[in-house]
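Reader: Hi, I've got a model open and I'd like to talk it through. Can we start with the overall picture and then go into the strands?

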Amino acid sequence: GTSWGPQVSGTVNTLWSIFFPQTDVFGYCCGDGGVMLHTTDGVAWNPQTVPAVNLRGVHAALSGVTAYACGDAGTVLQTMNSGLTWNPIGPGSAETFTALQALPGAICYCLTNVGTMRRTFNDGTVWDSVVTGSTNNGFAFTSSTIAIVVDGSIRITSSSGSSFSNAPEHSTWTLRGAWFQGQVAYVVGDNGTILKTTSGGQ
């Protein structure tokens with residue numbers, strides 16, 4: 001933690017999200033005003049051309065060749081060539097998307113800032129809405145069907161978001177982010193809160 005050093009981003013805009021699918025050398029970073037940056041060596045960040053909207057989240061497949069970004073005005077973007085071109089695949093709504101996660105099989109989930117989730121199972125051809133019962137500070141999928149969503153509580157779905165249930169948790173603080181793999185999950189939040197489960201959160 002004593003060896004943090006700055007890198008040159010080439011922008012003064014606020015950056016909201018960064019993602020490396022495998023190692024720390026091939027990644028994406030996005031932010032306000034249509035900023036999308038890409039690195040192939042973990043050092044130099046190169047701008048890519050995207051619409052001039054605020055982008056809040058970015059996520060990529062393991063290869064990094066296919067990636068997704070989301071943001072204001074219902075924006076969801078997809079690249080299938082490492083960001084050489086980004087194409088809109090959003091639902092055509094005016095929602096603000098704050099985070100997204102892409103899964104194998106043309107599946108993508110996006111969180112909104114008003115307590116709903118959008119999902120597509122065909123790379124954006126059709127989107128539907130999911131009510132999570134949360135204001136959606138953060139979420140994480142461990143498979144195409146199982147996920148947790150956090151805000152003031154932890155909610156779990158095992159049905160691709162068709163229904164959610166409250167999970168037992170041990171914090172009175174607002175929860176902000178989550179990571180989920182297999183049966184292991186972490187959630188983090190206010191007042192330095194970190195919670196862990198090894199049983200899928202049930």
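This is a predicted model: local features need pLDDT of at least 70, side-chain atom pairs count only at pLDDT 80 or more; totals for chains, interfaces and linings use all residues.

Reader: Ok. What radius of gyration does the protein chain have, and what would a compact globule have?
Author: The chain has 17 Å, which agrees with the value near 17 Å for a compact globule of 202 residues. That radius is taken over C-alpha atoms, and the globule rule is 2.2 Å times the number of residues to the power 0.38. Along the principal axes, the C-alpha atoms fill a box of roughly 45 × 45 × 25 Å.

Reader: And what percentage of the residues count as buried?
Author: 48% of the 202 residues do. Buried means under 20% relative accessible area, exposed over 50%, and partly exposed in between (1.4 Å probe, protein chains only).

Reader: Switching to sheets. In what order do the strands of the open four-stranded sheet come?
Author: The order is β9-β10-β11-β12, with antiparallel pairing. Two strands count as paired if DSSP finds at least two bridges between them. At the edges are β9 (97-103) and β12 (128-131), each of which pairs on one side only.

Reader: What holds paired strands together, in general?
Author: Strands of a sheet pair through backbone hydrogen bonds, either parallel or antiparallel.

Reader: Back to this one. How many bridges link β10 and β11?
Author: Four, in the antiparallel sense, with β10 covering residues 107-112. Within that pairing, Cys-108 stands opposite Thr-120 of β11. The two strands form a hairpin with three residues between them, and Gly-115 in the turn has a positive phi of about 90°.

Reader: Is β11 largely enclosed or exposed, and why?
Author: Five of the five residues of β11 are buried, so the strand is largely enclosed by the rest of the structure. Thr-116, Arg-118 and Thr-120 point one way, while Met-117 and Arg-119 point the other way.

Reader: Which residues of β13 are on each side?
Author: Gly-138 and Ala-140 lie on one side of β13 (residues 138-141) and Phe-139 and Phe-141 on the other, and all are buried. β13 pairs antiparallel with β14 (residues 147-150) over four bridges, and Phe-139 stands opposite Val-149 there.

Reader: New topic: where is Val-25?
Author: Val-25 is in the loop between β1 (15-19) and β2 (27-31). With a relative accessible area of 34%, Val-25 is partly exposed.

Reader: What does Val-25 touch, beyond its neighbours within four places in sequence?
Author: Val-25 is in contact (heavy atoms within 4.5 Å) with Phe-20, Thr-39, Thr-40, Asp-41 and Gly-42.

Technical notes:
Residues are numbered from 1 along each chain as its sequence is written. Side-chain values use heavy atoms; hydrogens and water are left out.
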